[in-house]
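Good morning. I will take you through one structure, from the whole chain down to single residues. Please look at it first.

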Amino acid sequence: MSERFQDLPEEKQLSILRAATEVFAKYEYKKASTDLIASKAGVSKGLLFYYFHNKKDLYLTVYEYVKQIITEGVADSRLLEITDFFELITYATMKKIRILAENPYIVEFSVRSFYSDKEEISGDLKAKSKEGIEQNYRQYFTNIDFNKFKETINPFEIFKMMVWLVDGYIHERQMSNEPLCLDAIDKAFARWTEMFKQLAYKEEFL
């Protein structure tokens with residue numbers, strides 16, 4: 001994030017970020033118009049690029065903004081009290097889904113960013129996604145009882161697979177123009193959790 005943008009009043013920052021999130025959510029990166037973003041934010045295109053080096057810089061700033069919204073909505077004191085791996089993933093995932101259900105542009109942006117292959121920003125997004133998954137694992141799984149896992153199982157690999165499952169499920173719903181149904185996701189996630197638990201946990205912890 002550029003220093004010029006950071007020096008703006010918070011209200012103006014949010015106006016630009018929300019406008020950019022909406023446009024990047026509706027259009028793939030190449031077709032997302034910075035003129036439209038500037039118009040929706042109530043600033044000139046010249047001023048928009050005074051705050052950001054280029055379109056890519058703006059996009060990556062929006063990516064961090066969306067990531068912050070989700071992280072702040074998910075992370076709470078309860079999260080750090082949970083000691084069971086699958087209970088923690090379920091708790092965090094359902095909180096994330098509720099945030100997405102209430103913010104359709106964030107859903108659409110998240111899906112587009114996750115499936116951004118062959119776009120100018122795809123390499124940066126893949127690196128940020130990988131870094132984000134690793135950071136979340138280090139930060140929120142410190143109190144987990146990993147003794148429940150079989151010796152042959154890598155918990156981090158299970159974590160990554162479950163993240164991909166959820167993102168894929170959300171993408172499928174978006175492509176079908178279906179709204180996110182919390183009850184349906186809850187039931188699907190419960191099935192996935194039980195499947196992975198049977199695979200990963202020692203028999204005495206099932």
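**Charges and overall layout**

Let me start with charge: the protein chain carries 29 positive and 33 negative side chains, and the centres of the two sets lie 4 Å apart. In that count Lys and Arg are positive and Asp and Glu negative, while His and the chain ends are not counted. Each charge is placed at NZ of Lys, CZ of Arg, CG of Asp or CD of Glu.

Some ground rules. This is a predicted model, in which local features need pLDDT of at least 70 and side-chain atom pairs count only at pLDDT 80 or more, while totals for chains, interfaces and linings use all residues. Residues are numbered from 1 along each chain as its sequence is written, and side-chain values use heavy atoms, with hydrogens and water left out.

Now the layout. The protein chain has ten helices and zero strands. Both kinds of element are DSSP runs numbered from the N terminus, helices being H or I with at least four residues and strands being E with at least two. The C-alpha atoms fill a box of roughly 65 × 35 × 30 Å along the principal axes.

How much of the chain is buried? Of the 206 residues, 43% are buried. Buried means under 20% relative accessible area, exposed means over 50%, and partly exposed is in between, with a 1.4 Å probe and protein chains only. The accessible surface of the chain is about 11,500 Å², and 50% of that belongs to carbon and sulfur atoms. Those areas come from the Shrake-Rupley method with a 1.4 Å probe, and for residues only the protein chains shown count as cover.

Contacts next, where a contact means heavy atoms within 4.5 Å. Among contacts in the chain with a separation of 6 or more, 72% are between residues 24 or more positions apart.

Take helix α8, residues 122–140. Its 19 residues reach 27 Å from the first C-alpha to the last, close to the 27 Å expected at 1.5 Å a residue. The expected span is 1.5 Å times one less than the number of residues. Which residues of α8 are buried? They are Ser-122, Leu-125, Gly-132, Ile-133, Tyr-137 and Tyr-140. These cover an arc of only 125 degrees around the axis, which puts them on the same side of α8. The arc is that of the directions from the helix axis to the C-beta atoms. On the other side of α8, Lys-130 and Arg-138 are exposed. The buried residues of α8 pack against α5 (55–74), α6 (85–102), α7 (104–114) and α9 (155–175).

Helix α10, residues 182–200, also gets a look. With 19 residues, α10 reaches 26 Å from its first C-alpha to its last, close to the expected 27 Å. Buried in α10 are Ile-185, Ala-188, Phe-189, Trp-192, Thr-193, Phe-196 and Ala-200. Seen down the axis, the buried residues of α10 fall within an arc of 140 degrees, so they line one face of the helix. Asp-183, Lys-187, Arg-191 and Met-195 are exposed on the other side of α10. What do the buried residues of α10 pack against? They pack against α6 and α9.

In helix α3, residues 34–41, the buried residues are Thr-34, Ile-37, Ala-38 and Ala-41. They cover an arc of only 95 degrees around the axis, which puts them on the same side of α3. Their cover includes α2 (10–26), α4 (45–51) and α5.

**Three single residues**

Lys-55 lies in helix α5. Is Lys-55 buried or exposed? Lys-55 counts as buried because its relative accessibility is 18%. Beyond its neighbours within four places in sequence, Lys-55 is in contact with several residues, among them Phe-24, Tyr-29, Thr-34 and Phe-49.

Lys-160, in helix α9, is buried too, with a relative accessible area of 18%. Lys-160 and Thr-142 are 18 residues apart in sequence and 16 Å apart in space, C-alpha to C-alpha.

Last, Cys-181 sits in the loop between α9 and α10. Cys-181 counts as partly exposed because its relative accessibility is 38%. From Cys-181 to Phe-141 there are 40 residues in sequence and 27 Å in space, C-alpha to C-alpha.
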